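Biologist: I would like a close look at one part of this protein. Please keep to the charged contacts and take me through them step by step.

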Amino acid sequence: MSIFKKYVELSLIKKITAALILGVIVGLVFGSDAAVLQPFGDLMIRLLKFIIVPLILFTVIVGVNQTNIGSLGRKGGKVFLYYLATSAFALMVGVLIAKLFNPGAGLSLTGSESFEVPDNPGLSSVLLNIVPTNIVTAFSEMNLLGIIFTAIVFGIAISYLRSSQQYKEIGNRLYRGVEALNEVTLTVMKGILQYIPIGILAIVAKIVGTQGTDTLLSLGGFIGVLYIGIFVQLLFYIGFLLVTKNSPAQFFREARTPMLTAFVTQSSSGTLPVTLNAAKKLNLKKSLYGFSLPLGATINMDGAAIRIAVSAVFAANVVGDPLSFGSIIQIVIIGTLASVGTAGVPGAGIIMIATVFAQVGLPMEAVALLTAVDVLVGMGATALNVTGDLVGTTVIDRSEKDWKEERVAG
């Protein structure tokens, strides 16, 4: 058997795990010289982004045509409420954990830090961008909310044609064509998944080689508290899965691949093809995950929410002005709204943190300090974002099955 065939047949999680280990070793051995591998990591990100638009478009259209409109509205309501509730819960977890450990106490700003506040589009702008003024622009700019809206509208239109007497044949032909394109897209994605371990090795080697251990040690307390918050949120997910009669072991067996990919790439959107593949392996309904996961990659930011909370407590401790109860409530509300619509790409967390800091009067110099460990904290936060998307989809899928069973029994 050829080496290539053995590689293809090896499970993706084993290949990614091996890539992570090798990446760390290469980064430690070669240091900053490991940055020469960066193009291989960039290629992986490009391949994942390359497949996102057709994957969302065709998956959502097929999903819409596999369910009725009433069911779609019910599922959409559940998805949105779940994302909003878990983001708020994650913020509260972050605040409580941070107040317990008080990261940043004893540190001080030198006055040399500077940070320019990036533009935040605002909630109203995000909501308006759901309806793109130009479909081509929405696709070229990777406006996920706009692409999802377009796919739902055209999916409903095709569904209407299929149910009408006059255009039934045309509608069925269109649906079969989209279904075929969806299968072609999934086939291309299978090929891209084989390259992911190579890209992960390159990215990890570059991060370890260039970041080193100095940055980690200087802000180790902040990083440690943030990862404790992430761990607590994961425990919440496990409890939620158990309460809703889902197997955590089965869930994490499939979820670990997108979790690791998100950890390395720091991109919820870039990890989307892998997340969709995991949902398929979990036997979730395509009519649900086809829109819940792309939507989650854009608006569900549990990891980013914890990051906002811990960052706020850290900044308050650094300036020696602990947060009041009113400020904490304000952070939870503003942080939840700020997380909605923020692009799931590397660096987006800094925008949310700056937005919250500006609203509650925390120093922007502290944001500059936190950018030093942006990569290290962004990895964990993004992995949690993706996990939250999959947990929500799994739980809602179970609730839909229970609802149907109750209706049949009734």
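Which residues are linked with Lys78 in a network of salt bridges?

Modeller: Arg74 and Glu400 are linked with Lys78 in that network. Bear in mind that this is a predicted model. Start with the pair Lys78 and Glu400. Their closest N and O atoms are 2.8 Å apart. Glu400 is buried, because its relative accessible area is 5%, under the 20% cut-off. Lys78 is at 26% relative accessibility, so Lys78 counts as partly exposed.

Why can such side chains pair at all? Opposite charges can pair when the charged atoms come close. The cut-off used here is 4 Å between a side-chain nitrogen of Lys or Arg and a carboxyl oxygen of Asp or Glu. By that rule, the count is 4 salt bridges.

Now turn to Glu169. The side chain of Glu169 meets that of Arg173 in a salt bridge, at 3.3 Å from N to O. Both sit in helix α8 (residues 168–211), 4 residues apart, so about one helical turn separates them. Glu169 also forms a salt bridge with Arg176, with the closest N and O atoms 3.8 Å apart. Arg173 is at 55% relative accessibility and counts as exposed.

Note on methods. Residues are numbered from 1 along each chain as its sequence is written. This is a predicted model: local features need pLDDT of at least 70, side-chain atom pairs count only at pLDDT 80 or more; totals for chains, interfaces and linings use all residues. Side-chain values use heavy atoms; hydrogens and water are left out. Buried means under 20% relative accessible area, exposed over 50%, partly exposed in between (1.4 Å probe, protein chains only). Helices (H or I, at least four residues) and strands (E, at least two) are DSSP runs, numbered from the N terminus.
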